[in-house]
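I opened my notebook for a new chain today.

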Amino acid sequence: MKRVKKLKGDLGGEYVYQRFMSDREVSRLQRQVPLQFEDTVAASLTVGCMKINAVLFQSEDALRLGYDVYVKDSPGSSEWICFDCPSDRASLKESDMLAVLDRIVTENGLSYTECCFEQLEGIMPPDKKV
């Protein structure tokens, strides 16, 4: 919990944890899989330029809980880019999600507060008119 408190203090409003489902709801859905099921975010942790979602998704034979990790290409951007889908055992707990996110940031030389991607200059595709 020390790490959670430190980042909350350092980043203020740029640190946001949201939980959309309880462990009980996830377990119930995994036991009784609905006929029509779309990927559902059960919890989300945004830490500056990084975000990790705990997502309930349909696999071949069951509903599984996994992680999707997103990055921003610049701190002020409103768009998120999918970066990784780690195979860690997923949890809805804030501290567990932060531990996975910390590991990914460290292993890949990323940052919660700075852009770590080289900006490529080039020609943007023209807007398509309908």
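Here are my entries, from the whole chain down to single residues.

**Ground rules**

This is a predicted model: local features need pLDDT of at least 70, side-chain atom pairs count only at pLDDT 80 or more, and totals for chains, interfaces and linings use all residues. I number residues from 1 along each chain as its sequence is written, and side-chain values use heavy atoms, with hydrogens and water left out.

**Whole chain**

I looked up the elements and found three helices and five strands. Helices (H or I, at least four residues) and strands (E, at least two) are DSSP runs, numbered from the N terminus. Along the sequence I read the pattern α-β-α-β-β-β-β-α. The C-alpha trace spans about 50 × 50 × 25 Å along its principal axes.

Next I checked burial. Buried means under 20% relative accessible area, exposed means over 50%, and partly exposed is in between (1.4 Å probe, protein chains only). Of the 130 residues in the protein chain, 38% are buried.

Then I turned to contacts, which means heavy atoms within 4.5 Å. I took the contacts between residues at least 6 apart in sequence; 51% of them join residues at least 24 apart.

**Helix 1 against helix 3**

Two packed helices are described by the angle between their axes and the distance between the axes. The axes are lines fitted to C-alpha atoms, for helices over the stretch in contact, and angles run from 0 to 180 degrees between N-to-C directions. Helix 1 (residues 2-11) and helix 3 (residues 94-107) pack at about 75 degrees, with axes 9 Å apart. The two helices are therefore roughly perpendicular. That word covers 65 to 115 degrees; under 35 is roughly parallel, over 145 roughly antiparallel, and the rest oblique.

Which residues meet here? From helix 1 I listed Arg3, Val4, Leu7 and Lys8; from helix 3, Glu94, Ser95, Leu98 and Asp102. They divide into three nonpolar, one polar and four charged. Ala, Val, Leu, Ile, Met, Phe, Trp, Tyr, Cys and Pro count as nonpolar, Asp, Glu, Lys and Arg as charged, and the others, Gly among them, as polar.

**The core**

A nonpolar core is a set of buried Ala, Val, Leu, Ile, Met, Phe, Trp, Tyr and Cys residues joined through side-chain atoms within 4.5 Å. The largest one has 30 residues, and Tyr15, Val47, Met50, Ile52, Leu98 and Tyr112 touch the most other members. Helix 3 gives the most to this core, with six residues.

I followed tyrosine 112. Leaving aside neighbours within four places in sequence, its contacts include Arg3, Leu7, Cys49, Met50 and Leu98.

**Cysteines**

How many disulfides are there? I counted zero, taking a disulfide as a pair of cysteine sulfur atoms within 2.5 Å. For cysteine 85, the nearest cysteine sulfur is that of cysteine 82, 4.3 Å away. Cysteine 85 is partly exposed, at 49% relative accessibility. Cysteine 49 is buried, at 4%.

**Two more residues**

Threonine 46 sits in strand 2. Is threonine 46 buried or exposed? With a relative accessible area of 17%, threonine 46 is buried. Beyond four places in sequence, threonine 46 is in contact with Glu14, Tyr15, Val16, Lys51 and Trp80.

Valine 26 lies in helix 2 and is buried, at 6%. Not counting residues up to four places away, valine 26 touches Met21, Ala42, Leu56 and Leu92. Valine 26 and arginine 64 are 38 residues apart in sequence, but 9.1 Å apart in space, C-alpha to C-alpha.
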